[in-house]
Amino acid sequence: MLFRSHWKSRYKRVFEGAVARVLLWLCVALLACGSSALGETINVIQKDGEFDVSYNDTATSENQTIYAFNHTVSRTKTEGVRVSVDVLAQNLKSPILFVIRQKQAVLSFQVPLILRGLYQRKYPYNHLGRTLCQPPTRAASETQYFFVDVSTLSSQGTNYQLRVSRVESFTLQTDTTFSFTASPSQPQYFKYVFPEGVDTVIVKVRSDMTFPCSVMSIQDIQCPVYDLDNNVAFIGMYQTMTKKGAITVQRKDFPTNSFYVVVVVKTEDEACGGPLRFYPLRPDELIDAGNRSKTLNVVVSPAIKFKIAASPNEYGSLESTISSEAITDSAPSVDSATSAENYMERSGWKNVGRSRQESLSSIEEDDYDTLDDINSDKNIVRTKKYLCVSDLSRKDKRVLSKKYQIYFWNIATIAVFYALPVVQLVITYQTVVNVTGNQDICYYNFMCAHPLGALSAFNNILSNLGYVMLGLLFLLIVLKRDIVHNRALACNEVNAMQCGIPKHFGLFYAMGTALMMEGLLSACYHVCPNYTNFQFDTSFMYMIAGLCMLKLYQKRHPDINASAYTAYACLAAVIFFSVLGVVFGRGNTVFWIIFSVIHILATLLLSTQLYYMGRWRLDSGVLRRMVYIVYTDCIRQCTGPMYIDRMVLLVMGNIVNWSLAAYGLIERPNDFASYLLAIAICNLLLYFAFYIIMKLRSGERIQCLAMVCILFTAVVWGFALYFFFQGLSTWQKTPAESREHNRDCILLSFFDDHDIWHFLSSIAMFGSFLVLLTMDDDLDSVQRDKIYVF
C-alpha cells in the first residue's frame with residue numbers, strides 16, 4: 001500500500017511536468033504561427049531557469065526568450081518568489097516586456113518602467129524587483145510552474161539581467177521586527193497569518209528616513225497584489241507615511257485569516273508634505289527621479305482585548321465623593337421679624353408664595369422695569385461709586401428666572417439642531433473610510449487606535465464618556481440646589497429672600513448641558529478627525545468659556561447681565577470666525593489684519609460696556625462725548641478714574657487682548673481654532689482671578705469646600721494641559737506628517753495621551769463648575785446691601 005501511494009505521487013509529478021512542457025510548446029507554436037502570419041520570423045528560445053542565478057541575455061524583435069521555473073509549494077510553509085530585472089541600456093525607444101505566467105495569475109511589466117507623478121511627469125526606472133503572488137494550494141506539498149517571457153519590438157539588441165530568487169522571510173512573525181528596503185520600482189510585501197486566539201493586530205511600519213514618501217497597504221490574500229504607486233489604492237486599507245505608519249487589522253475582515261502587508265515608495269513626496277521639484281513640462285520628457293530607496297522595518301503586534309463596562313466605575317466613585325460634599329446649603333439665620341417684613345414690603349417678596357404658584361409664561365421680559373422708580377433710579381444707582389448687590393438685584397425675581405432659564409432652553413435647542421447633522425456627517429466619513437480603505441481621510445493616532453465594529457478608534461470615543469457623565473452629575477447637583485432654594489422661598493425664609501448672591505440657576509443648567517454636548521461632539525469628531533470637522537470638537541468649548549464668564553458676571557450683576565439671545569449671538573459670531581480662520585486664515589495676511597482689528601474693537605466696546613454698567617450709547621455722538629471726557633478728565637483737570645477696581649481689570653484685560661491680537665497678527669498660527677479658544681480661556685482666567693482677589697479684598701472668605709475645589713481643579717488642569725500638548729496628530733499637516741507624532745498607548749494598553757486629556761479635562765471642567773457653584777456660599781447669611789459689586 002505504501003509503495004502504491006509513493007508510485008502514484010511520483011507518477012503524478014512526472015505527469016504534471018510533462019503536461020506543463022506540452023502546454024509550453026503549444027504556446028511557442030502559437031506564437032510562431034502568429035509571427036509567420038504577420039510575415040515576421042521570431043526565434044523562440046526556451047530555457048530552464050534556476051533560482052538565485054543571474055541570466056545576462058539580449059532581447060531583440062527577432063527573438064523571444066522563455067524561462068521555465070518550478071518550485072515546491074507547501075501548505076504549511078509560505079515562501080515568496082521575487083523577480084529582479086536590470087536593463088543596462090539608457091534611453092530605450094522600445095521597452096522590454098516581461099510577462100510572468102503562473103498557475104492562477106499573470107504579472108506583466110515593461111522595463112524601463114514609467115511611473116507618472118503630478119502634472120503628468122514621467123519617471124523611468126531601469127531596475128525592477130517584483131514579488132510574485134503565491135497561488136493557494138490544497139495539497140500538503142505541490143510543485144508549481146511559472147514562466148518568464150521576455151520580448152521587445154526593438155530591432156536593436158538590448159542587454160538585460162534577470163534573476164529569480166526565493167524570499168525566505170516572506171511570512172511575518174508576531175512581535176518580531178523585520179527590516180527591508182523598498183523603492184518605487186521595487187515594492188515589497190509580506191504575508192501575516194493570524195495566530196490562534198488573536199483577533200486584532202496592529203501593523204506598525206517605521207523608518208528613520210522622512211523621505212521618500214511611502215504608502216503602506218493591507219490587502220487580502222489574492223492575486224494580483226497591487227504593489228505599485230499607480231494602483232496601491234485600488235484595494236484594501238492604505239495610508240501614506242514618512243517615518244511612521246500603523247493600521248489596526250481585524251481577523252473578521254479577512255476570510256483566509258491572513259493578509260498581505262504591502263509597502264510602496266511613491267514617485268514624488270508631495271503627498272507627504274515634501275517639496276515638489278520643479279521641472280519644465282515638455283511633451284514626453286523623462287525625468288530622473290534619483291535615488292529613492294528607503295529602509296523600513298515592520299512589526300505586527302496583537303491588540304489588547306477589552307471590555308466596555310470598565311470605565312463607569314471611575315466616574316461612579318467620583319460621583320459619590322463630590323455629590324456628598326457639593327450639595328450643601330447654608331442654614332438660614334434668624335433675623336428680626338420687623339426687618340424681614342420691611343424688606344419684603346420694599347422688594348415685593350410678600351406675595352412670593354402665591355407668585356410661585358403662577359405660571360411664568362405670563363411674565364414677559366418687557367416687564368423688567370415694573371417699579372415706578374426704576375427708570376429714574378437706575379442711572380443714579382448704577383453710577384454710584386460703591387455698588388452693592390442689592391442695587392443690581394432690584395428686578396422681579398420671576399422675570400429674571402425666566403430670562404436665565406432661556407439660556408438652558410436655547411442651548412438645548414442649539415444642541416439638537418447642531419448634533420443631528422454632525423452625527424450624520426461623521427457616519428458618512430466612517431463609511432467612506434471603510435469602503436475605500438483610504439486611511440488618510442482621518443487623522444487618528446494609529447499607534448493606539450482600537451476599533452469596535454465600524455469605528456476605527458473606539459478608545460478616543462469612549463474616553464469622552466466622562467464629559468457626558470460629569471455634565472449629567474452637575475445638572476443633578478444644580479437641580480437639588482434649585483429645589484432646596486425654591487422650598488426656602490415658598491416658606492418665606494429670610495436668608496433665601498434678602499441674603500447672599502441672588503440664586504439664578506438657568507446658566508448653571510446651560511453649563512451642564514454644554515459639558516455633556518462637548519463630550520458628544522468630541523466623540524463625533526474622533527470618529528474621523530480631520531480638517532473639515534475640527535469645529536465639532538471646539539464649538540461647545542467656546543460655549544462653556546462664554547457661559548462661565550457670564551455666570552461670574554451675573555453673580556453680582558443679575559439685573560444687567562446679557563440676555564440669552566445676545567449671548568448666543570455673540571458666541572455664534574465667535575464660531576463663525578473660527579470656521580473662517582480654519583478655512584482662510586492659514587498664512588492669509590488680510591484675514592489676520594481684519595480679525596485683529598475686530599478683536600481690538602470688540603475689546604474696547606466690551607470694556608466700555610462693563611465700565612459704565614451699560615449706561616452709554618453707541619451713536620453718532622459717541623466720538624464727541626469721548627473727546628469731551630478726555631478734555632475734562634485729563635486736560636482741564638487731571639482726575640483719576642471713578643471706578644478704580646473696574647478700571648484695573650479692564651486695563652489688564654485690554655493689555656492681554658491687545659497682546660494676543662499682536663501675537664496672532666505677527667505669528668499667524670496655523671491652528672486658528674485653538675488660538676481663538678486660548679483667547680477665551682485667557683479672558684476667563686483673568687476675570688476669575690480678578691473676582692477672587694476682589695472677593696478677598698472685600699473681606700469675604702472662601703469656604704473649605706470651595707477652596708478644595710479650586711486647588712483640586714488647578715492641579716487637574718495642570719496635568720490635563722500636559723497631556724493635551726503632547727500632540728499625537730495634527731490635521732494642519734499631511735496625513736503622513738501627522739503620523740510622525742503618533743505614539744503607543746500609555747494606559748491599560750488601550751488609551752493614549754489624548755484619551756488621558758479627555759479624562760482629566762472633563763474632571764477639571766466639572767471641578768471648575770463646582771467652584772462657580774460654591775465660591776459664594778459664605779455670603780448666604782449676609783445682607784445683600786452689604787455685599788459689594790466688582
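Student: Before we start, what should I know about the numbering and the pLDDT limits?
Tutor: Residues are numbered from 1 along each chain as its sequence is written, and side-chain values use heavy atoms, with hydrogens and water left out. Because this is a predicted model, local features need pLDDT of at least 70 and side-chain atom pairs count only at pLDDT 80 or more, while totals for chains, interfaces and linings use all residues.

Student: How many helices and strands does the protein chain have?
Tutor: Both are DSSP runs numbered from the N terminus: H or I of at least four residues for helices, E of at least two for strands. By that count the protein chain has 19 helices and 19 strands.

Student: What share of the residues of the protein chain count as buried?
Tutor: Buried means under 20% relative accessible area, exposed means over 50%, and partly exposed lies in between (1.4 Å probe, protein chains only). Among the 790 residues of the chain, the buried share is 50%.

Student: Are helix 8 and helix 19 roughly parallel or roughly antiparallel?
Tutor: Axes are lines fitted to C-alpha atoms, for helices over the stretch in contact, and angles run from 0 to 180 degrees between N-to-C directions. Helix 8 (residues 465–490) and helix 19 (residues 753–774) have axes that come within 9 Å and cross at roughly 15°. Angles under 35 degrees count as roughly parallel, over 145 as roughly antiparallel, 65 to 115 as roughly perpendicular and the rest as oblique. Helix 8 and helix 19 are therefore roughly parallel.

Student: And how is helix 6 oriented towards helix 11?
Tutor: Helix 6 packs against helix 11 (residues 535–556) at an angle of about 175°, with the axes 12 Å apart. That angle makes the two helices roughly antiparallel.

Student: Which residues of helix 11 make the contact with helix 6?
Tutor: Contact means heavy atoms within 4.5 Å. On the helix 6 side the contact includes Tyr404, Tyr407 and Ile411. From helix 11 come Gln535, Phe536, Ser539, Phe540, Met543, Leu547, Leu550 and Gln554.

Student: Is the aromatic pair of Tyr404 and Tyr407 stacked or edge-to-face?
Tutor: Rings of Phe, Tyr and Trp (its six-membered ring) pair if their centres lie within 6.5 Å; planes under 30 degrees apart count as stacked, over 60 as edge-to-face and the rest as tilted. Tyr404 and Tyr407 are 3 residues apart in helix 6 (residues 397–436), so about one helical turn separates them. With 6.2 Å centre to centre and 20° between the planes, the pair is stacked.

Student: How many residues apart are Phe51 and Phe146?
Tutor: These two form an edge-to-face pair, 6.3 Å centre to centre with 65° between the planes. Phe51 is buried at 13% relative accessibility, and Phe146 is buried at 2%. Phe51 sits in the loop between strand 1 (43–48) and strand 2 (54–59) and Phe146 in strand 10 (residues 141–152), so the pair links distant parts of the chain, 95 residues apart.

Student: Which residue does a cis peptide bond join to Val111?
Tutor: Most peptide bonds are trans. Here omega is about 5°.

Student: What is the phi of Asn492 near?
Tutor: Most residues other than glycine have a negative phi. Asn492, in the loop between helix 8 and helix 9 (494–498), is partly exposed at 35% relative accessibility. Its phi is positive, near 55°.
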